[in-house]
Amino acid sequence: MQENLINYLNDQENPNLNFVLAKDYDELGQYAAAVSFYIRAAERSEDHELRSEALLLAGICFSKQTRRNFTAEGLYQYSIQENKENSNAYIELSRLYAKQQNGENRVYTRHSVQMSIVTGK
């Protein structure tokens, strides 16, 4: 982590360095710091896949905090907007809906949308 932090300090606007540092904080269970760097990575990147992954992982950090479901849901949806083929974002969103009251209908709807995107039907 120390090397990643030094690299970041030398190029703070680099989205890849922000993403790597976010993952380091995430692995340490420092979710607030991780979210901050995931969001920075998404904001600074032109790469839709990196933005999608950063938003997804930020959402997962909020999900781990249990009382931040609305925020996690929004981040999963933004992740899907950035990369409609990111199946992990659909899976996390479905898991979130399944935990919520009346989530079954939302899971079915989201799954139907995903399948139509994947199959083109």
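This is a predicted model: local features need pLDDT of at least 70, side-chain atom pairs count only at pLDDT 80 or more; totals for chains, interfaces and linings use all residues.
A residue is termed buried when its relative accessible area is under 20%, exposed when that value is over 50%, and partly exposed in between. The structure contains 5 salt bridges.

One of these pairs K64 with D26, the N to O separation of the side chains being 3.3 Å. Because K64 belongs to helix α4 (residues 48-64) and D26 to helix α2 (residues 15-27), the contact ties together parts lying 38 residues apart in sequence. D26 has a relative accessibility of 13% and therefore counts as buried, whereas K64, with a relative accessible area of 42%, is partly exposed.

Helix α4 also contributes R51, which forms a salt bridge with E82 in which the closest N and O atoms are 2.7 Å apart. Since E82 is located in helix α5 (residues 69-82), this pair ties together parts that are 31 residues apart in sequence. R51 is buried, its relative accessible area being 16%, while E82 is partly exposed at 21% relative accessibility.

The closest N and O atoms of E92 and R95 are 2.9 Å apart. E92 is buried, with a relative accessible area of 17%.

Terms used: Residues are numbered from 1 along each chain as its sequence is written. Side-chain values use heavy atoms; hydrogens and water are left out. A salt bridge is a side-chain nitrogen of Lys or Arg within 4 Å of a carboxyl oxygen of Asp or Glu. Helices (H or I, at least four residues) and strands (E, at least two) are DSSP runs, numbered from the N terminus. Buried means under 20% relative accessible area, exposed over 50%, partly exposed in between (1.4 Å probe, protein chains only).
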